[in-house]
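Keep the structure open as you read.

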Amino acid sequence: IVLATVSAAAGISLANLEKRLIMKKLFSLLLCVVMVLSLVACGSKTDDAQTPDEPQDTAPELSGTMKVVATGDVYGPLFDAFTADTGVEVECLSMSSGEVLSKLRAEGGTPSADLWFGGGIDAFMSAKDDGLLEPVTFDAAAELGDEYKDTEGYWYSKGITIVGFLLNNSLMEELGLTAPESWDDLTDSQYEGEIVMSNPAVSGTNYAVVNALLQAKGDQGWDYFDALNNNIAYYGKRGSDPKNKVSSGEFAVGISYIDASIEQAAEENDLTIVYPSDGMPWVPEGVAVFKNAENVDAAKYFVEWLFSSDDHLRQLAEIEQKSGIKVIKPSIEGIELSYDPTLLMTEDLSLFGSQRTEILDRFEPLMGDKAAAE
């Protein structure tokens with residue numbers, strides 16, 4: 001009725017009026033749809049514009065101080081870089097792996113540090129078995145060799161230490177000694193009282209020597225160490241003792257780790273480095289987080305921070321003057337091995353931790369009073 005009245009007054013037919021009203025409704029509806037779609041499109045553009053500005057791998061919110069026990073005091077630049085990235089300050093105490101393990105056990109599950117950085121992997125394996133470590137998992141761990149990381153993430157290897165002989169050329173000549181070429185050569189009576197090595201109870205590197213040679217020699221392993229012990233005059237407390245004492249001329253032969261610092265010492269002090277013809281013992285150097293640590297979050301992030309960046313690993317290799325990270329992470333560029341990897345002994349690393357107590361209990365009376373005082 002209303003439409004009829006309006007159409008009559010306007011002189012427009014009812015049919016035409018209805019058509020005009022329908023067209024207006026359709027136009028209004030279409031306009032609303034376009035406006036809604038425009039708003040949606042604007043929202044998408046805004047999100048896309050913000051996405052590139054959002055950090056992809058941001059560090060968690062960290063604070064405080066991370067306390068570290070390490071095998072040396074040379075790691076300042078690496079920890080400084082971590083502080084710059086996270087704001088976490090780092091305090092570092094130098095300690096051998098054996099000392100760390102003993103201290104950790106004595107602390108009864110309340111560690112005085114957060115991060116364990118360096119030392120023979122046997123101590124890390126034992127600490128895991130004792131429930132003293134915190135697992136850490138991260139994507140970049142997949143790029144590390146399986147034998148250089150714990151399957152559950154309780155420890156990772158930041159490098160490997162290789163072992164050979166260090167000879168004082170002047171003293172060798174003065175005493176009329178021939179240069180040893182193999183481990184078996186070291187049992188020759190001509191070297192009696194002229195060999196120095198570090199105590200395997202405190203030096204993870206030298207524990208690796210003992211375990212690796214026991215594996216290699218089988219049933220004759222302990223007979224070998226009885227014979228070698230006859231020629232060893234001193235078992236040092238530190239892994240660097242053989243280098244220092246051979247360099248100073250106290251002893252003619254040192255059983256020592258080999259790296260760029262040893263090569264430099266050899267040049268400066270007229271020493272000779274010998275890579276044993278019957279194989280080089282080697283040991284991965286561990287990194288782990290202490291369970292119940294005060295700043296466990298910072299320590300766990302440090303492990304991820306280190307292994308997720310080749311730049312950080314290259315910086316570490318430069319600090320340590322070692323190329324072993326190339327064995328652990330073959331894909332890393334800019335690092336080449338400084339030795340022939342075929343000379344590395346075949347070792348079952350799983351025995352390093354499980355046999356530690358048994359081996360050291362037997363080795364301690366063998367050393368007698370030749371071991372350095374604690």
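Which residues of strand E6 are buried, on one side and on the other? The model is a predicted one. In it, strand E6 spans residues 195-198, and both of its faces are covered. Ile-195 and Met-197 are buried on one side. Val-196 and Ser-198 are buried on the other.

Now look at the neighbours of E6. Strand E7, residues 232-236, is joined to E6 by 4 bridges. The two strands run parallel. Within this pairing, Met-197 stands opposite Tyr-235 of E7. E6 also pairs with E8, through 2 bridges, and again the strands run parallel. Here Val-196 stands opposite Gly-254 in E8.

E8 leads on to a helix. Strand E8 covers residues 253-258 and is among the elements that cover the buried residues of helix H10. Strand E5 (156-168), helix H9 (241-247) and strand E9 (271-274) are also included in that cover. Which residues of H10 are buried? In this helix, residues 260-269, they are Ile-262, Ala-265 and Ala-266. They lie on the same side of H10, because they cover an arc of only 105 degrees around the axis. Glu-267 and Glu-268 are on the other side of H10, and they are exposed. After the helix comes Asp-270, with a positive phi near 55 degrees.

Next, step back to the nonpolar interior. In soluble globular proteins, nonpolar side chains tend to be buried together. The largest nonpolar core in this model has 107 residues. Those with the most contacts inside it are Leu-115, Trp-116, Phe-117, Trp-183, Phe-225 and Phe-302. Helix H11, residues 296-307, gives the most to this core, with 8 residues.

Pick out Trp-183 from that group. Leaving aside residues up to four places away in sequence, its contacts include Val-163, Phe-165, Val-209, Leu-213 and Tyr-224. Ile-255, Pro-276 and Met-345 are also among the residues that Trp-183 touches.

The whole structure holds 23 aromatic pairs. One of them is Trp-116 with Phe-124, a stacked pair at 3.8 Å centre to centre, with 20 degrees between the planes. Trp-116 is buried, at a relative accessible area of 1%. Phe-124 is buried too, at 0%. Trp-116 also stacks with Phe-290, at 5.7 Å centre to centre and 25 degrees between the planes. Why does this second pair tie together parts that are 174 residues apart in sequence? Trp-116 lies in strand E3 (residues 115-120) and Phe-290 in strand E10 (residues 282-290), so the pair links those parts. Phe-290 is buried as well, with a relative accessible area of 2%.

Elsewhere, aromatic residues gather in a cluster. Tyr-75, Phe-79, Phe-82, Phe-117, Tyr-301, Phe-302 and Trp-305 form it. Phe-117 and Phe-302 are also among the core residues with the most contacts.

Finally, take in the whole protein. It contains 15 helices and 10 strands. Of its 374 residues, 47% are buried. Among contacts with a separation of 6 or more, 73% are between residues 24 or more positions apart. The accessible surface comes to about 18,400 Å², and carbon and sulfur atoms account for 51% of it.

Terms used. Residues numbered from 1 in each chain as written. Predicted model: local features only at pLDDT ≥ 70, side-chain atom pairs only at ≥ 80, totals over all residues. Heavy atoms only, no water. Buried < 20%, exposed > 50% of the residue type's maximum accessible area, 1.4 Å probe, protein only. Arc of directions from axis to C-beta. Contact = heavy atoms within 4.5 Å. Pairing = 2+ DSSP bridges. Areas by Shrake-Rupley, 256 points an atom, 1.4 Å probe, with all protein chains shown as cover. Core = buried A, V, L, I, M, F, W, Y, C linked by side-chain atoms within 4.5 Å. Phe/Tyr/Trp six-rings, centres within 6.5 Å; stacked < 30°, edge-to-face > 60°.
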